[in-house]
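Biologist: Hey, I've got a new structure to get to know. Can you walk me through it?

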Amino acid sequence: MIKILIAVDGSALSLDAVHHVLRLVQDGLRASVVLANVQEPASLYELVVSRDPDLIAAASVEAGEHLMAPARVLLQAAGLSCETAVGVGDPAHVLVDIIESSGCDMVIIGARGQGAISSALLGSVSQELAHSSPVPVTIVKHPEVPEQEDDVEQGAADVAA
């Protein structure tokens, strides 16, 4: 049985990786799953205000678990159990650490993540992970929705009018 790490950030686009794994499993792949989320390190302000590193760490884990919840629901609905891992730091490097500590055989990650800036960041995270991962990485592109011919025709009619 292959062990797959799925990197998720809570965005709908990061669920593309989960859907990809579910298709592989439906097609007969025997797999176990590790969902992984990487949180940003605490800011200087958070460190000064809190002064409790355990509280900050607990908040990071809670945030990561919350962001992985939709992915976990999809996997469980398909009858696939999963482990979860939340890390803090540089996403690509932390994901490599999780891959190694969890004994994963491959990684599946979406090509884009949350928001305009974050989506560009996750794109570069997926590329960096592809270069630094000790196991194969599959980057899942979000399917593009083709424009409907009726919409194009309607737009042309609006322009002509």
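Predicted model: local features only at pLDDT ≥ 70, side-chain atom pairs only at ≥ 80, totals over all residues.

Biologist: OK. How many helices and strands does the protein have?

Modeller: There are 6 helices and 5 strands. Going along the sequence, they come in the pattern β-α-β-α-α-β-α-β-α-β-α.

Biologist: And in what order do the strands sit in the sheet?

Modeller: The order is β3-β2-β1-β4-β5, in an open sheet with parallel pairing. At the edges you'll find β3 (82-88) and β5 (137-140), each of which pairs on one side only. Neighbouring strands are turned by 25° against each other on average, ignoring direction.

Biologist: Zoom in on β1 and β2 for me. Over how many bridges do they pair?

Modeller: Strand β1 (residues 2-7) pairs with strand β2 (residues 31-39) over 6 bridges, in the parallel sense. If you want a spot to look at, Ile4 stands opposite Val33 in β2.

Biologist: Which strands does α1 lie across?

Modeller: Helix α1 (residues 15-26) lies across β1, β2, β4 (106-110) and β5, and runs at about 130° to β4. Then there's α4, which also packs on the sheet and touches β1, β2, β3 and β4. The direction of α4 makes about 145° with that of β2.

Biologist: Let's stay with α4. How far apart are its end C-alpha atoms?

Modeller: They're 16 Å apart. Helix α4 has 12 residues (91-102), so at 1.5 Å a residue it should span 16 Å, and the two values agree. Just after α4, Gly103 takes a positive phi of about 70°.

Biologist: Which residues of α4 are buried?

Modeller: Those are Ala92, Val94, Leu95, Val96, Ile98, Ile99 and Ser102. For the protein as a whole, buried residues make up 35% of the 161 residues.

Biologist: Now the inside. Which residues have the most contacts within the largest nonpolar core?

Modeller: Ile6, Val18 and Leu35 do, in a core of 18 residues. Elements giving two or more residues to this core are β1, α1, β2, α3 (53-77) and β4. Helix α1 supplies the largest share, with 5 residues.

Biologist: What does Leu35 touch, if you skip its close sequence neighbours?

Modeller: Leaving out neighbours within four places in sequence, Leu35 is in contact with a list of residues including Ile6, Val8, Met68, Ala71 and Leu75. Apart from that core lies another one, of 17 residues, among them Val34, Val94, Val125 and Leu129.

Biologist: Changing topic to the serines: is Ser81 buried or exposed?

Modeller: Ser81 is exposed, because its relative accessibility is 58% and the cut-off for exposed is over 50%. Its place is in the loop between α3 and β3. Ser81 and Val34 are 47 residues apart in sequence, and their C-alpha atoms are 9.0 Å apart in space.

Biologist: And Ser126, is that one buried or exposed?

Modeller: Ser126 is buried, as its relative accessible area is 3% and buried means under 20%. You'll find Ser126 in helix α5 (residues 116-132).

Biologist: So which residues is Ser126 in contact with?

Modeller: Setting aside neighbours within four places in sequence, Ser126 is in contact with Ile109, Gly110, Ala111 and Ile139. Ser126 and Ala7 are 119 residues apart in sequence, yet 9.3 Å apart in space, C-alpha to C-alpha.

Technical notes: Residues numbered from 1 in each chain as written. Heavy atoms only, no water. Helix = DSSP H or I, 4+ residues; strand = E, 2+ residues; numbered from the N terminus. Expected span 1.5 Å × (residues − 1). Buried < 20%, exposed > 50% of the residue type's maximum accessible area, 1.4 Å probe, protein only. Pairing = 2+ DSSP bridges. Axes fitted to C-alpha atoms, helices over the stretch in contact; angles between N-to-C directions. Contact = heavy atoms within 4.5 Å. Core = buried A, V, L, I, M, F, W, Y, C linked by side-chain atoms within 4.5 Å.
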